[in-house]
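Thank you all for coming.

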Amino acid sequence: MKKYLYKISLLLLLTVTISSCTEQYVFQNTDFESALVVEGTITNELKNQTIRLSQVYQLEESGPRLEKGANVFVTDDKGNEYQFEEKDTIYSSITPFRAEPGRKYQLRIKTKEGKNYTSDEQVLTTETKIENVTATAENVNGERGVQINVNSFDPTNTSKYYRYEYTETYKIVAPVWSSQETVIVSFPAIPPDPDQDFPGSPAGEDILVRLRNRETRTCFSTKKSNDIILNNTNSLSEDRVHFPVRFISNQNYIISHRYSIFVRQYVQNLAAYTYYKTLKDLSSSGGVLSPKQPGFFYGNIKSVENPSEKVIGFFEVSSVSSERIFFNYADLFPKEPLPPYYESDCVVKDFADCEGLPPCARNQLRGAIKSKELVFVSTDYNGNYGMVKPACGDCTSFSSNIVPPFWVD
Amino acid sequence: MKKITLILFLFSFQQIIYSQVISDKITVEFKNANIKTAIQDIEKVSYYKFYFDEKWFENDSVSITKQYKEVKIGEVLEDVFQNTSFNFYISENKVIVTNNSIIYSQLPDDYFGVPLERDENGQITTPIFYQQYDSIKKTNSRNPNKNIRDLVLIGKEVKNQKKKSTYTLSGFIRGGKNNSALANVVVKIPNSEFSAVTDKKGFYSLQVPGGLNVVETESFSYNKVTKNIMVYNDGALNLSLTDNINQLDEVLIKTNKSKSAKSAITGVTTIDSEGIKNVPLVLGERDILKVALTMPGIKTAGEGSAGFNVRGGKEDQNLFLLDHATLYNPSHFFGFFTALNPYTTKKVDIYKGSIPAEFGGRLSSVFDISSKSGNVNEFQGEGGIGPVTSNLMVSTPIVKGKSSLVAGGRATYSDYILKSLDDENLKNSQASFYDLILKYNHKINANNDIESTLYYSHDKFSVSSDSLYKYSNRLATLKWNHTFNEKNKGSLIVTNSEYKFNIDYQSEGVNNFDFGYKIDETQAMLKMNYLYSNKHKFSYGLSTKLYTVDPGYLSPKNPQSTLIPIDVETEKGLESAAYIGDNFKISDKFLLDFGLRYSTFAALGKSTQRIYEENQPISDATVTETKTYGNNEVIKRYGGLEPRLAARYFLTDDFSVRASYDKTYQYIHLLSNNTTQSPTDIWKLSDLNVKPESAQQVSLGFYKNLKGGDIELSLEGYYKRSKNILDYKVGAELLLNENIETELLQGEGKAYGVEVLLKKQVGKLNGWLGYTYSRSLIKLDSQFQQEKVNDGKYFASNFDKPHDFSAVLNYRITKRYSFSSNFIYQTGRPITYPIGRYDYGNEQYTVYSDRNKFRIPDYFRLDIGLNIEGNHKIKKLAHSFWNISVYNVLGRNNPYSVFFVTDKGQIKAYKTSIFSIPIPSITYNFKF
């Protein structure tokens, strides 16, 4: 944003000194009004379906205000009623159920305060399965990397709108790893023993090098997509999806070894798609010279008592299909160097564990070991230690050493 | 006195006597004789001796070829002096030639106090005597400023003629360095109703009472000339005005005084290009439309915004005409500059109140911009060198005295400067624009002339390294003016305009594309004027306009591209109108200007149009049928009557009241989901699902002249309702949308306001102060929640700025130096603020307030300027003029926009200002 403006002003100003500036602006927010936020997607998977209820919170607040103690249930046009119960931060159906095609579902909420809300009736969208998910090495916008595409096809030509979520899991191998680690051990003062002619020694501490007792070399990180990822096949002659759901640069460490992505494809109806699209469009920033017109927009949930009350959120009944793939860096980029590691500075630094002037650095070294600012790589057992940043020698410093249950090497 | 009578009497007596002695019949032959040679010929063949002033015949254009045999001298001389202003008096063998006046041989009956002889109309039929001269001399000796040494005699006095109440004084006004024809010079008799304005050829025709009159001229750029005239009959008075370039007189922006004095229309403002040179402006650009923004009722959403909001109307509701052709985008570079060469632009008439019936097609206003006609006698030019752009205008005769060509060009050197920069990022940036104009006019004969304008403007810029934006305006006009007779005049006008833009996306990947949009309109217009009588002046005409819109194409540049080529179907429409207007002068005090316009629009095929379920929101899901229309098949016809009424009444000589009502239709809409107009906004024609917009406005105004007309005070109020105003659903996608109606909302608008303007046009300190209180509201209501905005209630539009004050003042220090300043204050414009946050999915989102519930901080700005004229030597290569100005002297950090960014779950508000520190600039202007 700033760069953009800077350029414009420069274009304008040229020889004259003119500054245009963008600065943070403090505005008075005296008109806070709360509103119920409903987030619910019922799918065609047999499971405990979930609904999330919260309240709008003030800009200065840090977290959500959960809507507690509400009575939540979903009904269908066959007279079934699925009751939900409060579980931590969500409401979960007491019995597992799945959305059936052709039935009309409606969400009903009664808050603690006794206010009633209902959603529009929703019908399960066309069940279109993901055919496959592919990962190919490609150049995209001048950048080389892995393009992950979702392919699906609806021969009935009725699934037009798609929303995606993905969860990616990747293996991390610490590059400067040692099977040993250092800890600081302290020993008590030994009183002098004149009998033994022992003068006694004061309490002190020392560096202990020992074998690691847990996995710190190979880790697995898992991340969920945050963005709203949408696609539509409106402009296509048939519902054939070939959608780039994720692109990872070959400079991104997450694909260095083995990578897995789990893609969920939700088929949406137009109203749900429009809602998500509006949400997405509004959260991205517009250009300086062409800002977006923000505004409040309604979903499909209304207050029974006061139809003009602002309620946020969309209740959708969506068919979902999912697919997981794995790939290795070496398969896609054979004989190419690995991407830079998570931590770029993995240079081993030497410290001498002695008192006095440099190169002695006992306090610095021991302090770093205590605070885990540095991890051990090597020693000459003569008071000299090679140390690196924790991320380089211990992947658990930023990841997890638990192998996910689905992981296949 | 008695003696003179007697002598005169004797003279005439003698004539009778002598006629018997000397023959009064002569035989003479004239061959291409002019008056002087005719006189000499007569003198040769007879005893007659002529007495006259040789100077009178210097510009004599008489040419007589005739033979006379034994014809009375009187008859011969009648022939010679026919169609001239000369009279003669024969006494014995002496012929006394007089200019204008008659030598009377008898005194009028009332000379000794006898009641005046009157004709049936009560008009005095007595001749005019020099006696009246004496009285003027006396009056003027008390008023030494008025120079009456040169009394001009008008018309030929005819013996015993029935006196008319008024005579026609006509002539040409020329002036300036090249003595070219001056248009829009007011010729008037001060403190009276008699006034006229010169046309393009400098011709005026003024009704004046007989006898002694004082006539003066009034013009923005030329010195005032005052003439004392003695009117005997219809006659000519040609005047030559001197350029006041060296005077730095006034900031001359005026609600055209002659118009304000004469017409009945409310809310008209004329800005003369020449007159605005002293107003300080950003980067020293003399900009006629920027000055318009200091007038009440004309606003813009912010600095760097291309559109204008006139009396609470949207940006697309203004019709910009350049020499009668529509100019779709009158701005360069996001509106920082106006796409009009200041040196070829003559003036702009802005109609914001009652729009004359000849104009139509937009709801809020007409900006009727006219460019200068060239000098048919001499080569001349004008130019300016500023920090960002340079301008040049040259005018040259093609056929001397008949036709001329004006060429104007303007360009920015920013691109060159950017390229020479070291910064890699900036080196690849582009920002350049230019505009060119050619105007040709040709006078075929007294009754026919043609003029033609060609105009092109081009902008190119890139704001990110991968996309290059281009847009251009192109227009061409051809106009034929024909005078059928004294009472009937007409013009046939053909115009063509095109606006297009293009985005060239060029990155290293395969998905490069070329995106474009184009609108083209061709128009034919017939405008007729019929001067039925002094009381009725009719104007009528026809016009028809064909639109072709190419709403957008996207073509991938690489065959491997994953992009799908899109070509949205062409839109076509025919807009036609017929109008008639009458300027009806009921009495000297009461003037009625009423017009009726009927406009019609036909959306034409070929096209496919969707039909949506009734009583359902328009969306992809509610389509019931898709209809296909063949080429030029009428899809839908809209139309309506547009009455335009205006009335003026003089309560006292210098205090008038005016009222007006008008209705307008608009069949073309600008789609822009930005707060401000941008070059990539697209124009859309009305069709099956997009209805035309309409508006009705009533206004009432009071106009008062103070201090003998030096100060003008006006107060105008208006109330406007509009229908089917376009707005958009939140997050609407407008570009390349085949079914744009699914993103649109059409609502009702309401605007009202009071505008006060105080102007002083003369004196060392001159300028104007304007204040407006106005509101502009919009209502988007529907039975469906998703089509409602702010619960279906009226809310402030994006450009609703209730308080608006502007002061433009100029102080002349000496003849060469003057100081000028602008001050502007405006209420901040409305904005939608985030009021809270919520979690959805794995992200945090923002809840926004009702639309436009809050306002950004108020806007104010002070600019100052110093204008220095070059030296006052008469003979030098070029007249020069320096303008040094500082924009935003107070360094006020006026917010251009306030926007919010969701960044790592934090919502941050940012305020952007374009010019947050004082900006000095210096411009050199020259004229040769």
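Predicted model: local features only at pLDDT ≥ 70, side-chain atom pairs only at ≥ 80, totals over all residues.

Chain A has 5 helices and 24 strands, and 33% of its 409 residues count as buried. Among the contacts in chain A between residues at least 6 apart in sequence, 70% join residues at least 24 apart.

On confidence, chain A has a mean pLDDT of 84, with 89% of its residues at 70 or more. Residues 1-20 of chain A, however, stay under 50, and the model has 46 contacts for them beyond four places in sequence. The pLDDT is also below 50 over residues 286-290 of chain A, a stretch that has 12 contacts in the model beyond near neighbours in sequence.

Let me turn now to one helix of chain A. Helix α4, residues 362-370, has as its buried residues Leu365(A), Ala368(A) and Ile369(A). These lie on the same side of α4(A), because they cover an arc of only 100 degrees around the axis. As a general point, an α-helix has 3.6 residues a turn, so residues three or four places apart point the same way. The face of α4(A) turned away from the buried side carries the exposed residues Asn363(A) and Lys370(A). And what covers the buried residues? The cover includes four elements that you can find in chain A, namely β14 (180-187), β15 (204-211), β22 (349-352) and β24 (384-388). Just after α4(A), Lys372(A) takes a positive phi of about 60 degrees.

Finally, there is a sheet in chain A that I would like you to look at. It is an open sheet of 3 strands in the order β11-β12-β18, with antiparallel pairing. Its edge strands, each pairing on one side only, are β11 (130-140) and β18 (239-249) of chain A, and from one strand to the next the twist averages 25 degrees. Strand β12(A), residues 143-154, is joined to β18(A) by 10 bridges, the two running antiparallel; Phe153(A), for instance, has Arg240(A) in β18(A) as its bridge partner.

Conventions
Residues numbered from 1 in each chain as written. Chains lettered and ligands numbered in written order. pLDDT = per-residue confidence, 0-100. Contact = placed C-beta atoms within 7 Å. Buried ≥ 20, exposed ≤ 12 C-beta atoms within 10 Å, placed from the backbone. Arc of directions from axis to C-beta. Pairing = 2+ DSSP bridges. Axes fitted to C-alpha atoms, helices over the stretch in contact; angles between N-to-C directions.
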